[in-house]
Amino acid sequence: MKLKRFLLRYYPPGIILEYEQGGNIKTKSIDLLDLKPETDVDAVVDEIARKEALITASKTEQVRKLIGRLQEKLALKDDHHFYLFKVLRAHILPLTNVAFNKSGSSFITGSYDRTCKVWDTASGEELHTLEGHRNVVYAIAYNNPYGDKIATGSFDKTCKLWSFESGKCYHTFRGHTAEIVCLSFNPPSTMIATGSMDTTAKLWDIQTGQEVASLNGHSAEIISLSFNSSGSQLITGSFDHTVMVWCVNSGKRLHTLIGHKAEISSAQFNYDCSLIATGSMDKTCKIWETNHGTCIGTLRGHEDEVLDVAFDMTGQYLLTASADGTARCYNAVTHSLISKFEGHEGEISKITFNPQGTSVLTASSDKSARLWDPETGECKQIFEGHTDEIFSCAFNYEGNTVITGSKDNTCRIWR
Amino acid sequence: MGLLALLRKLKSSGDRELRILLLGLDNAGKTTLLKSFASEDISHITPTQGFNIKSVQSSGFKLNVWDIGGQRKIRPYWKNYFENTDVLIYVIDSSDKKRLEETGEELNELLEEQKLHGVPLLIYANKQDLPNRSVAAEITDYLNLVNVKDRKWQIQACSALTGEGVKDGLEWAMKQMSSSKGKKK
């Protein structure tokens, strides 16, 4: 094994080692999830040198510099004030979901008008209209970090794979017998998983366009799914009150997470995929241990349905958004409440951290999106202007641009 | 209400929608059956030119029934209605023994149709109220239904006039859909 070079990853903080082994270039990451600006660099470097054979004495100085750069980034004060940059009125019917590519240079919007549009973030210009679905385009995704492909899932029961560059459709995946409402690329971008109102999830091969596996087991609609970071496991959240953990290779079910007393609204892995957080209409959020599929905590406190949950990039914090109009931030390890976000005048349907973990963004039926301080719960900013409820919102990787998608047929760029 | 609420609405707009295609020779009693489904007056029914569509609510299902005229000159148009059919209902006049062969031939042609491949088949042996009718078992034999193996099928003796047996047939049709998850509206 020979170390070739270092790559820096800001969010979550880490150093990627590119090395040669048997003539092949490989990478591995050293995760520094709990690195803080004030962390003692020497102690971190020593520990890395002790644990990682690739980091020899001659390399430690370089590692020290990289950690210093990560700490500089972490120490940057988050006082960004957003202003409305553009209102995009390209859809003729309400938007559904929005998503950025990895760098944030472009983003996509799905709509009830049966199209998905691809946008240039800097200019607000429309790059492509992806046309072909015969019904609402509901679920959309880039194959991040690559960003050369886009997948769309529709109420027409099909999923389509598109070229980001040309806007051409590579494949139409047929097989679901009801609306497709969630989808994801696996991390190596060789497969797409789709979840449907027909109660099944399916895996599709991107190269061949063929169905690889059908994951049968839920007794009601699947409305949320996501891969773990290696792509070996998939979780599906269902209206049948359960979440299932699947082995992607065999298509077999590994665990069924049973405990919620009503429909699941969202299911998410933390960064190292050791934990799963689930939100439910039973007003609670549960935290599960992935390996054994056991529930290790129930977060109560919301007075109405929990509509969304989200971890921060490092997996140390957990957010819950509720139909009661409030949101909360918890410590994902101790399950203690850190802050409450109060102020929205309608239910909160989406919640997300910025990649830095310094701000929380919420989207509400009160037509506003709001930015919060996760430590204090203080509202930093209100994004006003949409004339109908906001269905979706997202941060770019740098955390300095926000997009919001609304029932008012528009998408707004804030930066 | 958010996107999730839209999905819940999608789910709870509840009634599964079923597209039923009602075919058979002229004078088999298709339109009378259709009216019987909808509990409508059946005293004045004339041969169907073109087609009738009715939506009937029944135990959690919305049945969209397409009744296509059965006269020989209309039959070539049947194929325009094949697409997206969930259940094919074929109606036979059990009292018209002279035309059993003709009705068998038409049915066989339907079963060959690609667009109706695998679509569950319900046969109503209608007009059981008439004295000279064939019973369901005789018709099953005559049509050689046991050889139909590429789909689920059921023969139901009925009288569209008295309503006897009509409901049993529909229940079978709906059961086919619950087992295969009907489409939602």
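What follows is a walk through salt bridges, surface charge, backbone details and cysteines.

## Before we start

This is a predicted model, in which local features need pLDDT of at least 70 and side-chain atom pairs count only at pLDDT 80 or more, while totals for chains, interfaces and linings use all residues. Residues are numbered from 1 along each chain as its sequence is written, chains are lettered from A and ligands numbered from 1 in the order in which they are written, and side-chain values use heavy atoms, with hydrogens and water left out.

Buried means under 20% relative accessible area, exposed means over 50%, and partly exposed is in between (1.4 Å probe, protein chains only). Helices (H or I, at least four residues) and strands (E, at least two) are DSSP runs, numbered from the N terminus.

## Salt bridges

How many salt bridges are there over all chains? The count comes to 22, where a salt bridge is a side-chain nitrogen of Lys or Arg within 4 Å of a carboxyl oxygen of Asp or Glu. Three of them are set out here.

| Acidic residue | Basic residue | N to O distance |
| A:D31 | A:R9 | 2.8 Å |
| A:D78 | A:K380 | 3.1 Å |
| B:D26 | B:R75 | 3.1 Å |

Take the pair A:D31 and A:R9, joined by a salt bridge. The two are 22 residues apart and link distant parts of the chain, with A:D31 in strand β3 (residues 24–31) of chain A and A:R9 in strand β1 of chain A. A:D31 is partly exposed at 34% relative accessibility, whereas A:R9 is buried at 14%.

Next come A:D78 and A:K380, whose side chains also meet in a salt bridge. This pair links distant parts of the chain, 302 residues apart: A:D78 sits in the loop between α2 (60–75) and β4 (84–88) of chain A, and A:K380 in strand β32 (residues 379–383) of chain A. A:D78 is partly exposed, with a relative accessible area of 26%, and A:K380 is partly exposed, with 30%.

In chain B, the side chains of B:D26 and B:R75 meet in a salt bridge. B:D26 lies in the loop between β1 (16–24) and α2 (30–37) of chain B and B:R75 in the loop between β3 (61–68) and β4 (87–93) of chain B, so this pair ties together parts that are 49 residues apart in sequence. B:D26 is partly exposed at 25% relative accessible area, while B:R75 is buried at 7%. Both belong to a network of salt bridges that links B:D26, B:R72, B:R75, B:R99, B:E102 and B:E106.

## A charged patch on chain B

Which residues gather in a patch of negative charge on the surface? They are B:E101, B:E105, B:E109, B:E112 and B:E113. Patches are made of residues with over 30% relative accessible area and no salt bridge, with like charges joined within 9 Å and nonpolar side chains (Val, Leu, Ile, Met, Phe, Trp, Tyr) within 5 Å.

## Backbone details in chain A

A cis peptide bond joins A:Y11 and A:P12, with omega about -10 degrees. A:P12 is in the loop between β1 (2–9) and β2 (14–21) of chain A. The peptide bond from A:N144 to A:P145 is cis as well, with omega near 5 degrees, and A:P145 is in the loop between β9 (137–142) and β10 (149–154) of chain A.

A:R114, although not a glycine, has a positive phi of about 75 degrees; A:R114 lies in the loop between β6 and β7 (116–120) of chain A and is partly exposed at 41%. A:H335 has phi near 65 degrees and lies in the loop between β27 (327–331) and β28 (337–341) of chain A.

## Cysteines without partners

How many disulfides are there over all chains? The count is zero, a disulfide being a pair of cysteine sulfur atoms within 2.5 Å. The sulfur of A:C116 is 11 Å from the closest cysteine sulfur, in A:C411, which is too far for a bond. A:C411 is in no disulfide either, and the nearest cysteine sulfur, that of A:C393, is 11 Å away. A:C116 is buried at 0% relative accessibility, and A:C411 is buried at 2%.

How values were computed
Accessible areas come from the Shrake-Rupley method with a 1.4 Å probe; for residues, only the protein chains shown count as cover. Lys and Arg count as positive and Asp and Glu as negative; His and the chain ends are not counted. The place of a charge is taken as NZ of Lys, CZ of Arg, CG of Asp or CD of Glu.
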